[in-house]
Amino acid sequence: MSTAVALDGPAGAGKSSIAKRAAKELGFIYVDTGALYRTIGLAATRAKTEPVDSPGIDALLEKIKVELTFNENGDQVVLLDGEDVSGEIRTPEASMTASKISAIPKVRAYLLDLQRDIAKNSDVIMDGRDIGTVVLPDAQVKIFLTASPEARAGRRYKELIEKGMSVKYEDILSDVIERDYNDTHRETAPLKAAEDSVTVDTTELDFEQSVEAVISVIKEKI
């Protein structure tokens, strides 16, 4: 029987990097569900379709094909109609579009089976906003990873600066706060900690300490 770890939390909490590292150390597959929403958001942007519940989004979902694969290093690769868009979906603009697109019920339904099928067939650490509450409610381990908005914005700012992007910390903090509000107040699958989840706050932890904290919870539960 496969083991599923549901890792939820707000934008910028470090879920992707921490989950990816923890999965590698434990021999699990890491699944970044946010990348799937970013990919549909990218498709909407390319099609000049507003990311709102509308006939336009319905038509878009009927036309596109989103796939999740893994390269020889075990890293996740996201394909949009066969094109690797793993890099293109990582901009701040893609992040905000993903927040809006993820609030659309039909988009969430479109991706639900894909996410669950992966968890059925492999030991996974799956991160997102509603993994423990909606996608994998029976996951053996549920973790809610969080940090203060200021800490999350600071980490994101550093990451983007290192990539050579021209950004302002104040703008990123504003985006983080706005996305927190959107994610926690949306009608469909709002961001919240599952009742049986363990909260890991990384505000005062560095990356290595955060990974250790997550792995410790997983080992304790399984």
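Predicted model: local features only at pLDDT ≥ 70, side-chain atom pairs only at ≥ 80, totals over all residues.
Visitor: Why is arginine 152 called buried?

Guide: Arginine 152, which lies in helix α7 (residues 149-162), has a relative accessible area of 3%, and since buried means under 20%, the word applies to arginine 152.

Visitor: What makes the approach of the side chain of arginine 152 to aspartate 180 a polar contact?

Guide: The side chains of arginine 152 and aspartate 180 come to 2.7 Å from one another, and the cut-off for such a pair of N or O atoms is within 3.5 Å, so the pair counts as a polar contact. A polar atom of the arginine 152 side chain also lies 2.7 Å from the backbone oxygen of alanine 11. Leaving out residues up to four places away in sequence, arginine 152 touches several residues, including Pro10, Gly12 and Val176.

Visitor: Why does lysine 48 count as exposed, and what is said of its phi?

Guide: Lysine 48 sits in the loop between α2 (33-46) and α3 (55-63), and because its relative accessibility is 76% while exposed means over 50%, lysine 48 counts as exposed. Its phi is positive, at about 55°, although lysine 48 is not a glycine. Most residues other than glycine have a negative phi.

Visitor: Why is aspartate 81 called partly exposed?

Guide: The relative accessibility of aspartate 81 is 49%, and partly exposed covers values between the 20% limit for buried and the 50% limit for exposed, so aspartate 81 counts as partly exposed. Aspartate 81 is found in the loop between β4 (76-80) and β5 (83-84), and it too has a positive phi, of about 50°, although it is not a glycine.

Visitor: How do you know that β4 and β5 pair?

Guide: Two bridges join β4 to β5, and at least two are needed for strands to pair, so these antiparallel strands meet the requirement. Leucine 80 stands opposite glutamate 83 in β5. The two strands belong to an open sheet of three strands, with the order β3-β4-β5 and antiparallel pairing.

Visitor: What makes β3 and β5 edge strands?

Guide: β3 (66-70) and β5 each have a single partner strand, so one side of each is left without a neighbour in the sheet. Helix α2 lies across β3, β4 and β5, and runs at about 25° to β4.

Visitor: How do you know that β7 and β8 are paired in the other sheet?

Guide: That open sheet has five strands in the order β2-β6-β1-β7-β8, with parallel pairing, and its edge strands are β2 (29-32) and β8 (198-201), each of which pairs on one side only. Strand β7 (residues 141-146) and β8 are joined over four bridges, and at least two are required, so they count as a pair, running in the parallel sense. Threonine 146 stands opposite aspartate 201 in β8. Helix α9 (residues 207-221) packs on this sheet, touching β1 (4-8), β6, β7 and β8, and its direction makes about 160° with that of β7.

Visitor: Which residues are closest to the centre of the largest pocket?

Guide: The largest pocket holds about 1,300 Å³ of space, and of the 49 residues that line it, Gly12, Gly14, Ser16, Arg156 and Glu159 are the closest to its centre. Helix α7 gives the most to the lining, with six residues.

How values were computed: Residues numbered from 1 in each chain as written. Heavy atoms only, no water. Buried < 20%, exposed > 50% of the residue type's maximum accessible area, 1.4 Å probe, protein only. Polar contact = N/O pair within 3.5 Å; in protein donor to acceptor, adjacent residues only side chain to side chain. Contact = heavy atoms within 4.5 Å. Axes fitted to C-alpha atoms, helices over the stretch in contact; angles between N-to-C directions. 1 Å grid on protein atoms, 1.4 Å probe; cavity = no way out; pocket = protein on both sides within 12 Å on 5 of 7 lines; lining within 4 Å. Points joined across faces, edges and corners; volume = space filled by probe spheres on them.
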